[in-house]
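Hello,

Please find the sequence and structure below. My notes on what turned up come after.

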Amino acid sequence: MEAVPRMPMIWLDLKEAGEFAFNAAVKKSAVNVPRDFEGCSTLRKYFGQLHYLQSRIPMGAEQEAAVPVAWTEIFSGKTVTHEDIKYEQACILYNLGALHSMLGAMDKRVSEECAAGAFTYLRDHFPHSYSVDMSHQILNLNINLMLGQAQECLLEKSMLDNRKSFLVARISAQVVDYYKEACRALENSETASLLGKIQKDWKKLVQMKIYYFAAVAHLHMGKQAEEQQKFGERVIYFQSALDKLNKAIKLAKGQPETVQEALRFTMDVIGGKYNSAKKDNDFIYHEAVPALDTLQSVKGAPLVKALPVNPTDPAVTGPDIFAKLVPMAAHEASSLYSEEKAKLLRDVMAKIEAKNEVLDQFMDSMQLDPETVDNLDMYSHIPPILMEKCAALSVRPDTVKNLVQSMQVLSGVFTDVEASLKEIRDLLEEDEAQERKLQELLGKVPPPQGSSPPPSPGLAEVSKECSKYMEVHEKASFTNTELHKAMNLHIGNLRLLSGPLEQVRAALPSPALTEDDKQVLQNLKRILGKVQEMRDQRTSLEQQLREMIQKDDITTSLVTTDRSEMKKLFEEQLKKYDQIKVYLEQNLAAQENVLKALTDANVKYAAVRKALAEVEHKWNTTVQTLVASYEAYEDLMKKSQEGKDFYTDLEGKAAKLLEKARAACQAAEANRQQILEKEMKKQPPPRPTAPKPALQKKPLELEAGGLDAGDLPPLGSLVLAELPEELRSL
């Protein structure tokens with residue numbers, strides 16, 4: 001895009017410290033840090049020194065030197081106290097992540113550090129039972145939110161740097177993936193209850209961002225197709241981007257003006273790209289536009305990582321101020337055991353993530369949602385938007401009658417104008433024919449074929465005005481025809497909407513499923529339920545494993561164990577995880593069978609799905625058509641009135657022009673009579689000749705269709721044979 005509109009970001013509040021029997025000066029500097037990167041550095045140093053302290057002095061839960069530690073819980077504002085130094089560490093780590101989120105949401109957005117690192121370390125190394133705001137669900141939500149927002153910052157920078165379209169599309173697609181994970185966490189009922197009132201606001205913003213950045217991804221895929229001169233693909237990508245942006249706009253209701261401005265700007269860009277691409281393809285390239293699902297999906301590129309937290313890094317924490325208190329042997333052994341536990345967790349998580357990736361890809365390809373797999377409920381009632389239109393028409397019972405009457409009046413005026421213009425044209429043609437006959441009669445050279453003798457000035461003006469009115473009439477006639485077509489298109493729908501609701505419901509398509517079809521649907525929904533059950537069980541087992549690892553502290557045993565026996569002790573201690581590993585393996589192994597059953601059920605569902613999709617399409621089309629007819633009513637009435645006003649004015653002008661044409665034609669006819677009389681007077685008298693018997697029987701007879709006797713000059717006893725050749729036809 002030519003510029004990069006910004007979306008607002010979510011940032012987290014810092015926890016407030018309460019009681020902790022520690023040096024007051026140290027405590028104050030650690031909990032009241034400035035809101036900048038210097039504050040982040042202070043928190044890291046304090047966190048590292050707490051780690052050194054707790055490794056030497058028994059200040060953990062239920063240990064000899066434990067003292068009360070109090071902090072406020074973010075969502076409820078309540079003070080939560082634990083006699084555990086790890087609680088102090090956990091709260092400092094939470095504030096480190098929250099401060100990073102706050103700095104990341106600022107306008108500059110220049111930090112490459114990601115707040116997800118602090119929350120990841122907190123999730124993996126500390127108990128989740130300290131307080132609600134540090135529960136496993138909330139920390140997972142925070143991690144995905146922070147990763148998404150960090151990737152969003154990278155996307156902004158990539159667009160400003162004009163990186164390649166395909167790379168920008170992949171970065172944007174990864175933003176969508178992170179926000180989808182965050183949205184799943186927000187939709188979890190337990191998470192929602194923990195968050196309270198902010199859950200809806202966060203969910204609405206995240207859902208809007210999912211569609212918005214999906215639109216950005218497809219916009220840049222369309223730009224890549226344009227660069228590769230794949231003009232059909234370009235159209236479908238831009239169309240998809242436009243559809244997703246429209247969904248984002250619907251979800252953005254109630255968002256700040258900055259969001260609305262960003263959406264409007266993006267709509268201008270994508271809308272312009274789509275219209276231009278479609279026009280070019282329709283009139284120039286004529287490439288087939290493929291279906292979107294036939295194109296390769298955009299795979300996200302995760303280019304941001306959680307900033308690692310190392311509590312023993314002297315470059316971050318500074319020198320260990322408690323180094324002389326106790327030997328580090330027990331602590332080192334504990335660290336080795338922690339690494340063994342971490343390795344076990346990494347191995348298990350690698351298997352889980354691999355299976356989850358296969359499952360997610362499979363489910364995405366199937367496009368099956370247990371909640372909407374049949375959509376049968378939608379056909380049992382009239383949709384609210386249609387009910388609204390029916391209710392509006394019920395208080396306006398004359399809607400159809402008024403429209404028909406208006407169009408009838410328009411047709412009447414139209415016919416009158418056409419009749420007047422036709423009569424004027426006939427008068428002009430008749431006058432032209434009489435003028436041509438006169439010219440031929442007088443022996444003048446007739447005009448070339450296809451042309452006409454010059455009319456009188458009065459008739460020339462009438463002809464000019466008539467041509468102008470005819471041109472206007474012809475153009476208006478096309479508009480009038482289109483208006484009648486539109487009325488005929490919508491009149492039936494308006495009658496339907498004005499009628500009983502039973503008729504409206506009957507007009508909406510509905511699926512006709514057999515008992516076998518219903519059985520297929522039930523079986524598919526049952527297997528989809530099994531898939532969800534498998535997911536839930538896997539998540540629960542993973543959570544149990546993490547909690548076991550976090551609570552597994554063998555420091556006391558390590559103090560009394562010889563260094564040579566450390567490896568054996570580790571092996572014995574790690575056996576406690578065997579049972580839960582077996583359960584996880586069984587869960588992962590079951591996935592193949594579940595997906596096979598789902599594949600078979602989906603094959604049987606294909607015909608039902610197609611039928612339901614067709615009915616749903618017809619249903620939506622019918623609803624949209626009926627709504628469009630309602631919305632077209634006011635426009636039809638307005639255009640009908642405009643047409644009546646136009647033709648009433650044209651009718652008056654045509655009537656005046658008709659009178660003028662009649663007068664001009666009469667004047668031209670009188671002028672021709674005078675010319676004829678003058679020409680006849682100029683003829684020389686006939687020479688005396690011997691009378692011809694056949695012609696002396698009766699005086700001059702005038703042919704039918706010629707002039708009356710009164711129209712001829714007094715030529716005495718002139719007989720037919722004595723008339724000049726040019727007058728005989730009269």
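Here are the findings, with the cut-offs given as each term comes up.

This is a predicted model, in which local features need pLDDT of at least 70, side-chain atom pairs count only at pLDDT 80 or more, and totals for chains, interfaces and linings use all residues. Residues are numbered from 1 along each chain as its sequence is written, and side-chain values use heavy atoms, with hydrogens and water left out.

Tyr211 sits in helix H8, residues 198–227 (helices are DSSP runs of H or I, at least four residues, and strands are runs of E, at least two, numbered from the N terminus). Tyr211 is partly exposed, at 31% relative accessibility (buried is under 20% relative accessible area, exposed over 50%, partly exposed in between, with a 1.4 Å probe and protein chains only). Leaving aside residues up to four places away in sequence, Tyr211 touches Lys244, Lys247, Ala248 and Leu251, where contact means heavy atoms within 4.5 Å. Val176 is 35 residues from Tyr211 in sequence, with 7.8 Å between their C-alpha atoms.

In helix H19 (residues 566–574), the buried residues include Met566, Leu569, Phe570 and Leu574. They lie on the same side of H19, because they cover an arc of only 125° around the axis; the arc is taken from the directions from the helix axis to the C-beta atoms.

The whole structure has zero disulfides, a disulfide being a pair of cysteine sulfur atoms within 2.5 Å.

Regards
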